[in-house]
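Please read the following briefing alongside the sequence and the coordinates.

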Number of protein chains: 2
Amino acid sequence: MRLVVIGGIAAGLSAAARARRCDPSLDITVFEKGPAVAWGACGLPYYLEGQVRSLDDLVVYTPEYFRRERNIAVRTGCEVVAISHSRRQVALANGERAPYDRLVVATGARLDRSIDGAGHPDIFTLSTLEDARRLRCFLVGKKPRRAVIVGAGYLGLEMAEVLRTHGLVVTIFEAARDVLGRQDPALTDALRKHLERFRVELRLATRVESVEPGCVAGVPCDMVVLAAGWRPSVELAAEAGIQLGRTGAIRVSERMETNLAGVFAAGDCAEAIHLVTGRPVYLPLGTTANKTGRVAGANAAGRRERFPGVAGTCIVRVCGVGVATTGLSEAQARKEGLDPVGARVEAPGKPRYFHGEPVTVALVADRGTRRLIGATVIGSEGAAGRINVLATAITNRMRVEDLEQLDLAYAPPFAQVWDPILIAAQQLMKCL
Amino acid sequence: MRLVVIGGIAAGLSAAARARRCDPSLDITVFEKGPAVAWGACGLPYYLEGQVRSLDDLVVYTPEYFRRERNIAVRTGCEVVAISHSRRQVALANGERAPYDRLVVATGARLDRSIDGAGHPDIFTLSTLEDARRLRCFLVGKKPRRAVIVGAGYLGLEMAEVLRTHGLVVTIFEAARDVLGRQDPALTDALRKHLERFRVELRLATRVESVEPGCVAGVPCDMVVLAAGWRPSVELAAEAGIQLGRTGAIRVSERMETNLAGVFAAGDCAEAIHLVTGRPVYLPLGTTANKTGRVAGANAAGRRERFPGVAGTCIVRVCGVGVATTGLSEAQARKEGLDPVGARVEAPGKPRYFHGEPVTVALVADRGTRRLIGATVIGSEGAAGRINVLATAITNRMRVEDLEQLDLAYAPPFAQVWDPILIAAQQLMKCL
């Protein structure tokens, strides 16, 4: 049995490694078009910031490691240009063909570069190690003073912090009225105010159609970072007859199988089921890539595993503060036909004498079922822990009255006797 | 309608405040035998450590505040010496009698002082503000150099850190073979090694029957802290015919009502249902006191609310590290007739380049149901957030295969793409 994996980053290598563990006899080959595999894309902003010394520190494993330790052939610089499922083979850019019995498509995603003028040397994006290298050279060598960022998703917000660290004055343009693709005015407002304190201007509802060096939409700048519009890389799959979903990403079963039997998809090129709505969504994140890769790999090796779906949990550091979301915002819930009720509290995460900073917890419940369906946490400490509790509650379809009684840990160095989560649940109970 | 509350700390005042919110017309009186109400007992070690400047900082509300803002009469220095339920009245130490229609018993708990010689001036405990004042005076004035702590529960471990801050060499004696009343040899072992690094010696399975100034069980010392054996203060209730449970604390219904109709009990004097076993346990903690007080107060005011129970979540800082537990240890689960399976991992909580320290996550599942029934987290960062996720999972009776797929937040400043919780769940899956 031959397993071919297209893509050697998070999902692809998770699939290959898991398939090997499930079936020691499988013949496994991973094709990666880039020069390196197994590198952490989420670390790129922190390389630019200087927290990561060298790009090599982001590369977790080498192809040699996989060959030697896992008996997996990993071929970098090998682009797959076509899948012929009827012949069960893939074609490489160099003309070579490789046969498969099982295939995992993990072609990832890329940022939108369709904006006019995107090719100019002062205009950057951040999808690859090479992107990061070029951007860092520019920041260190040219010492730009003003930057425009296009897109207020997590990459745009992370880049704002990076560029502030380098002393630039930053303007972010966002086509939508809200940040983080979240349709949450309160979150957007909180973030705009927070960014302003760091001299980062947020211009919402402003679509940038073209960029040119020196000026974007009337704002003078020395550089532009394109950080808008992650799109699944699905052309290869689509041409091979693999069905896409309504989100534009590859449609998969809960086993991560596509419409072609024996062909699986995982990671940033694939949809996932949203645990609140039960419908497919496109939320490309590293955690999901690893999990769906594992499930695809296990099933490609003959197991029967399922991926239950995502709560949509996400965290981003924005100028020192953790901003975390899970589930749906009120507006998103309304669009899904639910009847959302929200509550929002700001309360200290620890006692005064342990310098507890205020934490914002916003909860969204569905009026009919009284279930928690969404949450936001903003705070300089404990945002990750709290959003994870709320993601766990959403995954388990907890009702607000049960959330309110959660037995959470308390001791003065760590928490308040009433955690902001519980106070928010009490507030929300009053609205239900 | 007259509501009398016996006890003015966490449970008593939560009950009174909630009753007031539920029924503005209720006549509410709180009797507290001590000189102050609404003070945070959990803050006492941090006063001794110097983190809390003044004991006044631990007092959240004054009796005057409750009188003025909540229309609740709070009488300090008033000890209730008898409850006559047939006459629906309580008798005070000063001979006064106060009638009630509803009663909330929130008499709390106290440390065991039955050890021989416990009254000596070099021998301390830490239940009251006065205890803390006396102990701090001694530490600052007498500059002791060697201390013995009796009891390796959370107070004993907190006191070890406090006394190290003051430069003392510390020996802890614990009657049981394990710390934190947990029957968890791996946890005990980890803590003993950690304490040793701070020159705190842990002597297990050593019951201290008597203490005398200058020496305890062969260990020379300048002071002794008794931190063993929290006992519910139930004499008053028992004499009035209120039933105690097998734990020795007051037996209550899920409405926090005792066997006497209209008489409720809450906080450290009462039992609670353990969410894993469904059986009553005695786990006196501030969070539970506040929650059960609220439910008792609401029901005393005519509502019908229930307290679902506790997961047994607990966190303590031990010489800079967070040690958190929830649910049952393997040994505890075995005693409850379950068939426990455990897994333990140590993994970094954040990427190397964000100086991620190792976090230990130990999980316990029940083999038959595959449900998570217990967990331990040890780490200098993120222990509270992680134990809270696991407490939420236990509360929701999550199976390990579902835990493994939890959509937890990831970004390099906060977490790893595979959180130690998920790695531990993967390990545990291999054993099920």
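The points below are grouped by topic, after a note on conventions.

This is a predicted model, in which local features need pLDDT of at least 70 and side-chain atom pairs count only at pLDDT 80 or more, while totals for chains, interfaces and linings use all residues. Residues are numbered from 1 along each chain as its sequence is written, chains are lettered from A and ligands numbered from 1 in the order in which they are written, and side-chain values use heavy atoms, with hydrogens and water left out.

**Confidence**
- Chain A has a mean pLDDT of 96, with 100% of its residues at 70 or more; pLDDT is the predictor's confidence in each residue, from 0 to 100.
- For the complex, the predictor gives an ipTM of 0.96 and a pTM of 0.97.

**Interface**
- Chain B and chain A each bring 54 residues to the contact, which is defined by heavy atoms within 4.5 Å.
- About 4900 Å² is buried between chain B and chain A, 63% of it from carbon and sulfur atoms; buried area is the accessible area (1.4 Å probe) that two parts lose on being put together, summed over both.

**Salt bridges**
- Over all chains there are 48 salt bridges, each a side-chain nitrogen of Lys or Arg within 4 Å of a carboxyl oxygen of Asp or Glu.
- The interface of chain B and chain A holds 2 salt bridges, and B:Glu404 pairs with A:Arg294 in a salt bridge at 3.3 Å, N to O.
- Within chain A, A:Glu96 and A:Arg75 form a salt bridge at 2.8 Å, N to O.
- That pair links distant parts of the chain, 21 residues apart, with A:Glu96 in the loop between β5 (89-92) and β6 (97-99) and A:Arg75 in strand β3 (residues 73-75); strands are DSSP runs (E, at least two residues) and helices likewise (H or I, at least four), numbered from the N terminus.

**Cavities**
- There are 3 cavities of 30 Å³ or more, a cavity being a set of points on a 1 Å grid over the protein atoms alone where a 1.4 Å probe fits but cannot get out.
- The largest cavity holds about 80 Å³ and is lined by 14 residues, with B:Gly267, B:Ala270, B:Leu283, B:Pro284 and B:Thr288 nearest its centre; lining residues have an atom within 4 Å of a point.
- Helix α8 (residues 286-300) of chain B gives the largest share of that lining, 3 residues.

Definitions and conventions:
On a 1 Å grid over the protein atoms alone, a cavity is a set of points where a 1.4 Å probe fits but cannot get out, and a pocket is an open set with protein on both sides within 12 Å along at least five of seven lines; lining residues have an atom within 4 Å of a point. Grid points are joined across faces, edges and corners, and a volume is the space filled by probe spheres set on the points.
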